[in-house]
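This report describes a single protein chain, from individual residues to the chain as a whole. Please look over the structure below before reading on.

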Amino acid sequence: MPEFAWPWVFVLLPLPWLVWGALKPASPAQALHLPHASLVWSGGDRAATRSSGSWLLALGWLCLLVAAARPQTLGPPQAQQHSGRAMMLAVDLSGSMQTPDMQLGGQQLSRFGAVEAIAGDFISRRRGDELGLVLFGTHAYLVTPITYDLDAVRAQLQSAAIGLPGTETAIGDAIAVATKRLAALPEQARVLILLTDGVNNSGSISPQDAARAAKAAGVRIYTIGIGATRMTVPGLFGDSVINPSADLDVDMLTYIAHETGGQFYRATDGNQLADAYRAIDALEPMPQHGPSLRLRHELFRTPLIAAALCLLFGMLWPRLRGVGA
């Protein structure tokens, strides 16, 4: 059922007649000639007032008011998937993230290549969350502020380059940057997913101090340690097997997660990394039903076109009658 957004517009309905009455000539012999038309309005010429041209002008004015009152219909209720949760991703871009020790779908990828593929899919599934992105190496930078525009977050992650923020690892600074942004939001569930493959060896704040500050701000931190435990490398005297994740500080990442109420995940290949993100999905579920929204469909175009046609033919009607005569 159509309704009007601005029904008060109809109080202007008698405006043309009031203006005509105020400008009516004192003498019945005088007349008011409307511009661009040959209609003659006079106080004693009631037959002209009731002419077809006058009725077209009146109908055009009515249609114009209908259009100005904004007729509209409401669409069916649509549930909105806004969870009220603010989630930050902090991704390590230190030099070691280019180590090609990850397997995903039968392909050999660098650590960051696996993160791009799997974290990108995770971002796409978080419709309803506000997401932000922090990239860190020697320094930590907020790349994407908290936003509902998940495509922007994913695009920034995919365009990131290894070593851009430096080749070392400032885990504490990354937590501090993310916590500052999350704590500035209204009281709600706040989550940080921290992914790294090394040990904190840069920055101005220790991971332990940053974790305590995050806990005080109500931020839960899920930590993911990425990197294989075995890797075959060629050497002068043949191939050798090494542990490319020897520098990964598992104890520190476990402490950060437990201190803030999150969990630590170890990802030695792409499948385990995907499992970690699926586990976080389960621990931070999306709401099934959000507040409903009803879209408004504006209907002013039809009465506006009708008003234009009525006014045009109303002003031209006497001339058209003269041609026909």
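Arginine 70 is found in the loop that runs between α3 (52-68) and β4 (71-74), where helices (H or I, at least four residues) and strands (E, at least two) are DSSP runs numbered from the N terminus. The model is a predicted one, in which local features need pLDDT of at least 70 and side-chain atom pairs count only at pLDDT 80 or more, while totals for chains, interfaces and linings use all residues. Residues are numbered from 1 along each chain as its sequence is written, and side-chain values use heavy atoms, with hydrogens and water left out.

Although arginine 70 is not a glycine, its phi is positive, at about 60°. Arginine 70 has a relative accessible area of 26% and is therefore partly exposed; buried means under 20% relative accessible area, exposed over 50%, and partly exposed in between (1.4 Å probe, protein chains only). Arginine 70 also lies over the face of tryptophan 6, at 4.9 Å from the ring centre, a placement that requires NZ of Lys or CZ of Arg within 6 Å of the ring centre and within 35 degrees of the ring normal.

## Aromatic pairs

Rings of Phe, Tyr and Trp (its six-membered ring) pair if their centres lie within 6.5 Å, with planes under 30 degrees apart counted as stacked, over 60 as edge-to-face and the rest as tilted. The count by this rule is two aromatic pairs. Phenylalanine 4 and phenylalanine 10 make an edge-to-face pair, with 5.2 Å centre to centre and 85° between the planes; phenylalanine 4 is partly exposed at 38% relative accessibility, and phenylalanine 10 is partly exposed at 27%.

Phenylalanine 122 and tyrosine 277 form a tilted pair, at 4.8 Å centre to centre and 40° between the planes. Because phenylalanine 122 belongs to helix α4 (residues 111-125) and tyrosine 277 to helix α9 (residues 270-283), this pair ties together parts that are 155 residues apart in sequence. Phenylalanine 122 counts as buried, with 0% relative accessibility, and tyrosine 277 likewise counts as buried, with 2%.

## Salt bridges

Side chains of opposite charge can pair when their charged atoms come close. With a salt bridge taken as a side-chain nitrogen of Lys or Arg within 4 Å of a carboxyl oxygen of Asp or Glu, a search of the whole structure finds twelve. In one of them the side chains of glutamate 3 and arginine 296 meet at 3.5 Å, N to O, and this pair links distant parts of the chain, with glutamate 3 in strand β1 (residues 3-4) and arginine 296 in strand β17 (residues 296-298), 293 residues apart. Glutamate 3 is partly exposed at 35% relative accessibility, as is arginine 296 at 48%.

Arginine 154 forms a salt bridge with aspartate 151, in which the closest N and O atoms are 2.6 Å apart; because the two residues are three apart in helix α5 (residues 150-158), about one helical turn separates them. Arginine 154 counts as buried at 19% relative accessibility, whereas aspartate 151 is partly exposed, with a relative accessible area of 39%. Lysine 215 and glutamate 259 form another salt bridge, with their closest N and O atoms 3.9 Å apart, and this pair links helix α7 (residues 207-216) to helix α8 (residues 250-260) across 44 residues. Salt bridges that share partners also join Asp121, Arg125, Arg126, Asp129 and Asp281 into one network.

## Valine 143 and threonine 144

Valine 143 lies in strand β10 (residues 140-147), and threonine 144 lies in strand β10 as well. Valine 143 is partly exposed at 28% relative accessibility, whereas threonine 144 is buried, with a relative accessible area of 6%.

Contact here means heavy atoms within 4.5 Å. Leaving aside neighbours within four places in sequence, valine 143 is in contact with Leu133, Leu135 and Gln156, while threonine 144, with residues up to four places away not counted, touches Gly132, Leu133, Ala152, Val153 and Gln156.

## The chain as a whole

The chain has ten helices and 17 strands, and 39% of its 325 residues count as buried. Of the contacts in the chain with a separation of 6 or more, 77% are between residues 24 or more positions apart.
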